[in-house]
Amino acid sequence: MAIRQLSETLINQIAAGEVIERPASAAKELIENALDAGATRIEIATSGGGKALLRVSDNGSGMDAADLELAVRRHCTSKISETLEDIRTLGFRGEALPSIGSVARLSIASRRRDSAGGNEIAVAGGKIAHIRPAAANPGTIVEVRDLFFATPARLKFLKTEKAEAGAITEIVKRMAIAFPAVRFVLSGSDRTTLEFPATGDDHLARMAQVLGKEFRDNAIALDAVREEISLTGFAGVPTFNRGNSAHQYAFVNGRPVQDKLILSAIRGAYAETIPSGRYPVAVLSITLDPALVDVNVHPAKSDVRFRDPGLVRGLIVGAIREALARDGSRAATTGASDMLRSFRPGFQPNSQRQQTAWSAETSPSRPYQPTTGFGERPQASFDGLSMPTARAEPQFSPQPTAPEPNARYPLGAARAQIHANYIVAQTEDGLVIVDQHAAHERLVFEAMRKALHSKRLASQVLLIPEIIDIPEEDCDRLMQHAAELSDLGLAIERFGPGAIAVRETPAMLGEVDAHGLIRQLADEIAEWDTASGLSAKLEYVAATMACHGSVRSGRRLRPEEMNALLREMEVTPGSGQCNHGRPTYIELKLSDIERLFGRS
């Protein structure tokens with residue numbers, strides 16, 4: 001079969017399959033062109049999820065007739081010259097407009113600011129019409145209709161109009177975060193109008209517009225530099241998390257990207273601080289020399305390749321972990337909101353109440369009878385306890401730090417313990433409810449992690465070794481890592497073919513459920529199933545041990561113990577969440593309490 005040259009239209013349609021995958025792809029390319037043109041106001045209108053209509057209007061520099069004629073031809077661009085080593089614009093390939101024109105009905109009307117009039121050009125299915133004069137404001141209006149009418153097979157792979165409209169919304173959000181000085185308006189017959197007013201240099205204000213005002217209250221600023229790479233942005237506190245990774249935004253030299261390396265680094269930075277199946281909220285902006293990153297990996301320009309990926313990953317993980325250690329121990333403000341919503345009035349309207357016969361015992365107007373909670377019999381068990389004080393006693397740490405007697409503590413002073421699991425503390429402007437097991441679990445884990453990098457953890461020898469029967473293959477896996485476990489203060493020996501003898505346990509854990517600990521460690525090592533798995537996950541093992549050796553739910557604490565726990569939480573990094581990512585405390589402001597009682 002003879003080789004022949006493909007037609008220009010077919011070449012453009014093949015290229016469109018890579019560049020324009022869906023309406024959101026076209027929207028991304030057109031918005032990037034508007035931003036590269038210096039626009040400060042961009043308006044996007046859609047219909048039919050962008051399939052019927054996609055219009056992008058901007059107030060950028062505009063184009064004259066000669067520029068318009070070249071703009072719809074492949075590989076014509078004003079953004080690069082002879083090299084790909086110094087790309088400082090969002091677009092540079094010169095493929096977007098001809099690709100769109102080959103599969104849709106495209107029209108472009110543009111006018112330069114210094115020009116008396118504008119011009120318009122149209123392309124339908126790859127056929128270019130003649131340029132003609134047109135009335136236009138300074139800037140450019142690009143209108144795309146009947147997307148993929150020239151390639152009907154592609155239409156079958158598109159999702160519903162609602163899904164395609166949602167994808168365009170996500171593109172606009174990413175662009176809006178990257179360029180806070182630009183006003184974005186998204187409207188159309190298939191959506192409600194979405195507007196992001198310009199916020200100038202206030203990036204956090206723009207993030208609050210996109211991610212919600214709660215992000216502003218739960219974000220930690222990032223600012224780190226390593227060699228020639230800088231990282232700025234904001235990371236949410238661990239207890240402020242979401243059910244998917246859609247709220248993680250990354251930008252490289254101002255370009256929105258969805259890079260696996262960056263997303264993996266975010267996930268690693270939050271390891272052991274967020275529950276399984278939950279995802280942190282973060283906005284990261286990486287700035288580096290354009291020569292150190294390749295943005296020409298894919299025609300869609302959403303992937304990048306760094307010259308030194310290890311350096312970038314280390315910068316992201318280190319910066320986020322440092323920020324979390326500095327300011328990540330506070331609880332998310334959404335915790336108080338969730339708690340407020342959980343309160344319900346003690347009565348319901350007649351229409352919602354089950355109709356039952358009236359009785360004095362169940363009437364909402366009955367006299368108050370304190371038969372539970374604060375009655376004499378339920379409170380009798382507290383007679384032996386001393387009144388709570390704000391003094392901190394050395395109960396929870398080998399080396400506690402006694403605070404100033406008259407200091408004002410962030411977590412307040414313990415006032416009560418309820419249900420043998422929750423500590424209620426009074427602060428200057430509200431109250432704090434602490435999960436004693438989750439909080440102490442975090443404190444023990446941080447102490448173990450700190451000791452891991454200095455010396456072998458102190459252990460306590462059991463008077464009678466505990467023998468745990470487990471499958472022989474689990475025994476083999478555990479004994480392969482006996483030396484590493486010994487560094488954590490857990491000394492084990494083989495006791496026959498299907499049993500392990502535990503002779504020493506970490507001293508800081510106190511009384512340990514050795515059977516549960518050994519079985520869980522065996523399961524985890526089996527899951528990793530590599531010879532070096534445990535050494536790479538010693539911190540994870542430490543977290544497992546901390547969980548088995550912490551103050552258990554159901555243990556009643558003395559006031560001095562409760563206050564000592566609070567004081568250690570205040571000076572321990574990451575104490576706002578346990579090793580599994582659950583919050584360790586919830587703060588409720590006095591204003592919230594007063595609102596519950598209608599006092600404000």
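Two strands count as paired if DSSP finds at least two bridges between them. Strands (E, at least two residues) and helices (H or I, at least four) are DSSP runs, numbered from the N terminus.

Before you start: this is a predicted model, where local features need pLDDT of at least 70, side-chain atom pairs count only at pLDDT 80 or more, and totals for chains, interfaces and linings use all residues. Residues are numbered from 1 along each chain as its sequence is written, and side-chain values use heavy atoms, with hydrogens and water left out.

**Exercise 1. Work out the strand order of the open sheet that contains β21.**

Step 1. Start with β20 (residues 422-427) and β21 (residues 430-435): they run antiparallel and share 6 bridges. A hairpin through 2 residues links them. Within this pairing, Gln426 has Leu431 as its bridge partner.

Step 2. Now look at β25 (residues 585-589), which pairs with β21 over 5 bridges, again antiparallel. Here Ile433 is bridged to Ile586, while Leu431 stands opposite Leu588.

Step 3. β19 (413-418) and β25 are the edge strands, each pairing on one side only. From one strand to the next, the twist averages 20°.

**Exercise 2. Find which face of β21 is covered and which helix lies across the sheet strands.**

Step 1. Sort the β21 residues: Gly430, Val432 and Val434 make up the covered face, and Leu431, Ile433 and Asp435 the uncovered one.

Step 2. Look for the helix: α19 lies across β19, β20, β21 and β25, at about 120° to β19. Such angles run from 0 to 180 degrees between N-to-C directions, using axes fitted to C-alpha atoms, for helices over the stretch in contact; contact means heavy atoms within 4.5 Å.

Step 3. Check its length: α19 (residues 559-571) has 13 residues and spans 19 Å from first C-alpha to last, close to the expected 18 Å. That expectation is 1.5 Å times one less than the number of residues.

Step 4. Check its cover: 10 of the 13 residues in α19 are buried, meaning under 20% relative accessible area with a 1.4 Å probe and protein chains only (over 50% is exposed, in between is partly exposed). Among them are Met562, Leu565, Leu566 and also Arg567.

**Exercise 3. Explain why Glu32 is classed as buried, and find a side chain that joins it in a polar contact.**

Step 1. Locate Glu32: this residue sits in helix α2 (residues 23-36).

Step 2. Glu32 is classed as buried because its relative accessible area is 1%.

Step 3. The side chain of Lys28 makes a polar contact of 2.8 Å with that of Glu32. The term covers N or O atoms within 3.5 Å; within protein, one must be able to donate a hydrogen and the other to accept it, and residues adjacent in sequence count only if both atoms are side-chain atoms.
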